Amino acid sequence: MSASELERAVARPIPLVPRLIFASRWLQLPLYAGLILAQGVYVYHFWVELVHLIKAAFGDQAALALLIKSIGYVNTLTPELNETVIMLVVLALIDVVMISNLLIMVIVGGYETFVSRMYLEGHPDQPEWLSHVNASVLKVKLATAIIGISSIHLLKTFINAVNYEPKVLIAQTVIHVTFLLSAMAVAATDRLMVGAGRLAREH
């Protein structure tokens, strides 16, 4: 579309029904606001767990008991802040960070793609991935993020495998492989669609 055609399209008044349908995209705004509140809950949870870890490192038995309960670690010996407990707590913190990153991708990328432009071009803090984000790219990035989160969960389960039944370990492994195959299928489909679009433009 040429510049003059674009100007005429912008100047042409939009009929009522299409205008109403297009304006309905703002109904997603409360959803993204809710995700921002969920992000705040994750920040609070992260700092609570971190404070418990620091207190336990200085010998606070109450904080240690809370940590052990939160990670589902069972030990018949006297509770102590051993390497396994620290590793499980740190993995839990990493898990919170990765889920938080996923929320940011959904909030920022989803708003930019489906609601309204944010006009961040040239801003020093603009995310690198946002400059070329669209519904397809966002879908692939979300699938990749979910695989990372699933990997952390699976690692936590294997480290604490003695406290899980074999069927739980098998189920989590199968779910993780399913996520991996799904992400590969999404990426392959996206590549095929991009290739088909490029061929259509060339012809």
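**Aromatic contacts and nonpolar cores**

Arg 25 lies over the face of Phe 22, 3.9 Å from the ring centre (criterion: NZ of Lys or CZ of Arg within 6 Å of the ring centre and within 35 degrees of the ring normal). The model is predicted, with local features requiring pLDDT of at least 70 and side-chain atom pairs counted only at pLDDT 80 or more, while totals for chains, interfaces and linings use all residues. Residues are numbered from 1 along each chain as its sequence is written, and side-chain values use heavy atoms, leaving out hydrogens and water.

The structure holds 3 aromatic pairs (ring centres of Phe, Tyr or Trp, the last by its six-membered ring, within 6.5 Å; planes under 30 degrees apart are stacked, over 60 edge-to-face, the rest tilted). Trp 26 and Tyr 111 pair edge-to-face, at 6.4 Å centre to centre and 70° between the planes. Tyr 32 and Tyr 111 are also edge-to-face, at 6.4 Å and 80°. Trp 26 is partly exposed, because its relative accessibility is 35%, whereas Tyr 111, at 19%, is buried (buried, under 20% relative accessible area; exposed, over 50%; partly exposed, in between; 1.4 Å probe, protein chains only).

The largest nonpolar core comprises 10 residues, among them Leu 53, Leu 64, Ile 68 and Val 85 (buried Ala, Val, Leu, Ile, Met, Phe, Trp, Tyr and Cys joined through side-chain atoms within 4.5 Å). Ile 68 touches Tyr 73, Pro 79 and Val 85, residues up to four places away in sequence not being counted (contact: heavy atoms within 4.5 Å).
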